[in-house]
Number of protein chains: 4
Amino acid sequence: MAGHPSDPSDPHPHVDVGAGRLEAFSDAVMAVIMTILALELRPPEDPTLASLADRLPGLLIYLLSFMFIAIYWNNHHHLLRATTRISGSVMWGNMFLLFWLSLIPVLTEWLREDPRAALPVTCFGVVALCAAIAYTVLVRAIVRVNGPSSLVGMAIASDRKGKISLVLYAVAVVAASVSVWVSYACFATVSVIWLVPDRRFVRAHDR
Amino acid sequence: MAGHPSDPSDPHPHVDVGAGRLEAFSDAVMAVIMTILALELRPPEDPTLASLADRLPGLLIYLLSFMFIAIYWNNHHHLLRATTRISGSVMWGNMFLLFWLSLIPVLTEWLREDPRAALPVTCFGVVALCAAIAYTVLVRAIVRVNGPSSLVGMAIASDRKGKISLVLYAVAVVAASVSVWVSYACFATVSVIWLVPDRRFVRAHDR
Amino acid sequence: MAGHPSDPSDPHPHVDVGAGRLEAFSDAVMAVIMTILALELRPPEDPTLASLADRLPGLLIYLLSFMFIAIYWNNHHHLLRATTRISGSVMWGNMFLLFWLSLIPVLTEWLREDPRAALPVTCFGVVALCAAIAYTVLVRAIVRVNGPSSLVGMAIASDRKGKISLVLYAVAVVAASVSVWVSYACFATVSVIWLVPDRRFVRAHDR
Amino acid sequence: MAGHPSDPSDPHPHVDVGAGRLEAFSDAVMAVIMTILALELRPPEDPTLASLADRLPGLLIYLLSFMFIAIYWNNHHHLLRATTRISGSVMWGNMFLLFWLSLIPVLTEWLREDPRAALPVTCFGVVALCAAIAYTVLVRAIVRVNGPSSLVGMAIASDRKGKISLVLYAVAVVAASVSVWVSYACFATVSVIWLVPDRRFVRAHDR
């Protein structure tokens with residue numbers, strides 16, 4: 001969705017071109033996912049408070065998924081902004097991430113049908129875990145091609161948030177069959193962790 | 001949906017990059033909302049004038065929501081154009097605005113099912129009020145980070161339109177249980193107010 | 001959907017910014033319309049040739065509307081490319097055009113339900129006529145603000161295609177109640193006329 | 001979805017503008033197609049493993065179509081990046097390609113209804129073949145206008161992948177009435193072939 005021009009003062013415009021393309025493609029796919037999430041919202045059946053109340057759990061689940069995608073969008077942008085070189089493995093790491101994210105809307109719809117059933121929560125956790133693994137793979141591929149002393153390499157020297165997310169999603173998957181509320185708490189905790197802006201990249205940009 | 005390049009003559013391109021990203025993200029989400037609005041339109045059931053007439057109230061409600069989103073898109077663009085610095089609170093103020101806007105399509109669909117019922121009109125008013133509050137919060141966060149003597153600070157020294165909108169939406173929420181037509185009149189009045197282009201930012205740009 | 005950067009060699013970058021914003025907004029809305037058109041296509045009911053044949057008239061109507069929007073997209077881009085100044089009346093002329101275009105998908109769906117019924121064809125013609133009038137209004141507003149001796153002013157000194165389209169759409173509206181095939185022939189003729197690239201703007205660009 | 005700025009060091013910025021417009025239009029339409037593909041996914045009917053298993057063939061078909069569009073997006077971007085001049089025949093070759101791609105979602109939905117029926121597989125193959133022919137026509141039109149000694153001309157001197165794809169799609173069309181699994185194997189093979197990044201354009205860019 002975004003056109004990111006090669007900065008006219010960029011000494012390596014031919015490299016940036018690749019990252020811009022990847023970013024535009026990813027933005028488009030993530031906007032698509034947001035579209036489908038919002039499209040799945042259904043109006044209350046009658047113009048009554050009882051019908052409105054019936055829709056509240058579904059609205060909270062929408063909020064969870066909206067934040068999930070918004071956070072990936074935000075962090076993905078930060079990541080690609082700090083990137084100057086891409087490679088084939090970066091491109092396919094990114095595609096792998098987008099594929100898992102594209103399954104979020106249909107899982108959200110499944111969750112909404114019965115928010116207390118264990119299996120949909122487990123599946124949501126598995127896909128969230130796969131997306132987090134794909135993001136980790138993507139970050140590593142980017143650092144490999146840009147070098148550990150590059151801006152992106154220094155910026156994510158310790159990917160603490162990524163590691164905590166992986167653990168929380170794994171807990172959510174295991175806990176779902178015992179209590180779905182533990183899993184929801186894990187999902188919400190990951191959202192809150194990532195809501196804090198990632199100052200590492202901001203600092204890298206400002207140098 | 002839009003790629004807004006860093007202006008080559010911008011002395012602080014690394015700051016502008018952030019505003020461009022925010023703008024691209026917001027444009028994409030607002031385009032998404034437009035998609036869903038238009039998607040909810042249903043063709044008349046039969047190829048007859050009576051069926052066509054049945055669809056007219058729904059078409060007017062579509063026009064109202066189309067203008068609602070178009071105006072936010074327009075003003076949001078003006079606002080971000082005049083912005084050179086963003087911060088974490090700007091980013092989350094913006095996300096807060098987008099979340100409320102993303103609920104407009106499902107409320108539009110609810111309105112269309114029974115345009116005279118009070119509750120859907122009240123809810124539309126509440127969400128419009130929340131969006132207007134979020135916009136006000138966003139504007140304040142932007143002025144705080146750019147300084148009151150910046151272009152954006154001077155341009156919106158007195159945010160008269162914003163304040164009038166807040167009052168009209170509050171009136172619409174209260175009036176809905178008495179007469180939905182008063183509420184519709186409030187919504188239409190806000191649209192007309194914002195239709196007049198905001199010359200403050202145009203002037204700020206031209207300096 | 002497109003980010004059109006201010007050309008670094010542009011002597012008036014602050015003016016071009018406005019046209020870029022308008023273009024990005026319009027591209028996004030037109031992509032939205034394409035989405036909905038393609039989304040309305042339904043697979044054949046059974047995996048048989050008879051079911052496939054049932055879908056053919058609908059596919060032809062899809063092709064007609066796909067071309068209709070593609071041509072507006074193409075010409076709109078040519079027009080805005082040649083534009084350096086915009087005004088409030090340009091912005092609202094554009095919004096007026098987009099509103100009419102956004103009604104095409106629902107009319108396409110209505111046409112598909114009964115391609116031989118007169119009323120849907122009449123309505124399609126009326127909306128196509130309104131869109132063509134809006135485009136003419138938009139072109140005039142752009143020429144007014146850029147001056148008749150500007151690139152865009154010279155390029156569209158005689159807007160022959162626009163005038164022919166207006167006449168053909170008016171004929172289609174009147175003819176629908178007699179024979180829908182005359183109307184379809186008018187729509188197809190307009191498509192073919194606009195398919196020929198508009199060399200006026202290409203030449204203006206190359207100077 | 002992407003705005004591709006005219007490269008500031010480009011000696012012919014007025015020519016590149018055309019390629020950027022074409023790319024933005026194409027990106028938007030391909031994002032639209034991705035939207036519809038993901039939108040067609042349906043959640044399992046019940047929160048049980050049996051219902052989840054029922055959805056697996058549909059998910060694999062989604063993966064096939066996701067890769068199909070992702071690969072066109074990727075290669076189309078590489079192609080247009082290496083292009084400096086466009087013409088009327090390039091524009092309509094591109095539109096011809098996009099039209100065939102826009103039929104993929106409805107065919108995917110048809111496939112998913114009965115993955116073993118021959119006719120939907122045949123139709124998918126015919127549309128894939130038409131898209132591949134359109135891509136070949138587009139490549140030829142681009143080489144014709146840019147000259148065989150241009151970057152794009154040298155880069156695709158031998159379009160081996162394109163030719164192999166054409167043959168495999170033709171085999172898939174013929175084989176579907178005998179065994180749909182042969183056809184699926186052909187589709188999967190084409191995906192794998194194109195997954196390998198096209199180093200020709202990467203090299204051309206780096207010069």
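Student: Which helix does C:Tyr62 lie in?
Tutor: C:Tyr62 lies in helix α3 of chain C, which covers residues 56–81. Bear in mind that this is a predicted model.

Student: Is C:Tyr62 buried or exposed?
Tutor: C:Tyr62 is buried. The cut-off is 20 or more other C-beta atoms within 10 Å. C:Tyr62 has 22 C-beta neighbours inside 10 Å, so it counts as buried.

Student: Which residues is C:Tyr62 in contact with, leaving aside neighbours within four places in sequence?
Tutor: C:Leu37 and C:Leu41.

Student: And how far is C:Tyr62 from C:Glu45?
Tutor: Their C-alpha atoms are separated by 18 Å. Along the chain, C:Tyr62 and C:Glu45 are 17 residues apart.

Student: Staying in chain C, how do α8(C) and α9(C) cross?
Tutor: Helix α8 of chain C spans residues 160–175, and helix α9 of chain C spans residues 180–195. Their axes come within 8 Å and cross at roughly 165°. Angles over 145 degrees count as roughly antiparallel, so that is what α8(C) and α9(C) are to each other. The crossing is left-handed.

Student: Which residues make that contact between α8(C) and α9(C)?
Tutor: From α8(C), they include C:Ile164, C:Leu168, C:Val171 and C:Ala175. From α9(C), they include C:Val182, C:Cys186, C:Val190 and C:Ile193.

Student: What classes of residue does the contact of α8(C) with α9(C) have?
Tutor: There are 12 nonpolar, three polar and one charged.

Student: Why would residues three or four places apart in a helix point the same way?
Tutor: An α-helix has 3.6 residues a turn, so residues with that spacing point the same way.

Student: Let's switch to chain A. How many helices and strands does chain A have?
Tutor: Chain A has 10 helices and zero strands. Buried residues make up 52% of its 207 residues.

Student: What share of the contacts in chain A join residues at least 24 apart?
Tutor: 74%, among contacts between residues at least 6 apart in sequence.

Student: At what angle do α3(A) and α9(A) pack?
Tutor: About 35°, with their axes 10 Å apart. This crossing is left-handed. On the α3(A) side are A:Leu64, A:Met67, A:Phe68, A:Ile71 and A:Asn75. They meet A:Phe187, A:Ser191, A:Trp194 and A:Leu195 in α9(A). By class, the residues of this contact are seven nonpolar, two polar and no charged.

Student: Why is α5(A) largely enclosed by the rest of the structure?
Tutor: Helix α5 of chain A runs over residues 104–113, and nine of its 10 residues are buried, so the rest of the structure largely encloses it. Among the buried ones are A:Trp110, A:Leu111, A:Glu109 and A:Arg112.

Student: Now confidence. Which elements of chain A have the highest and lowest mean pLDDT?
Tutor: α5(A) has the highest, 91. Helix α10 of chain A, residues 199–206, has the lowest, 45. Overall, chain A averages 78, and 80% of its residues score at least 70.

Student: Where in chain A is pLDDT below 50?
Tutor: One such stretch is residues 1–17 of chain A. Beyond near neighbours in sequence, that stretch has 54 contacts in the model. pLDDT also stays under 50 over residues 200–207 of chain A. There the model has 15 contacts beyond four places in sequence.

Student: What ipTM and pTM does the predictor give the complex?
Tutor: An ipTM of 0.72 and a pTM of 0.76.

Conventions:
Residues numbered from 1 in each chain as written. Chains lettered and ligands numbered in written order. Predicted model: local features only at pLDDT ≥ 70, side-chain atom pairs only at ≥ 80, totals over all residues. Buried ≥ 20, exposed ≤ 12 C-beta atoms within 10 Å, placed from the backbone. Helix = DSSP H or I, 4+ residues; strand = E, 2+ residues; numbered from the N terminus. Contact = placed C-beta atoms within 7 Å. Axes fitted to C-alpha atoms, helices over the stretch in contact; angles between N-to-C directions. Parallel < 35°, antiparallel > 145°, perpendicular 65-115°, else oblique. Left-handed = near helix turned anticlockwise from the far one by under 90°. Nonpolar A, V, L, I, M, F, W, Y, C, P; charged D, E, K, R; others polar. pLDDT = per-residue confidence, 0-100.
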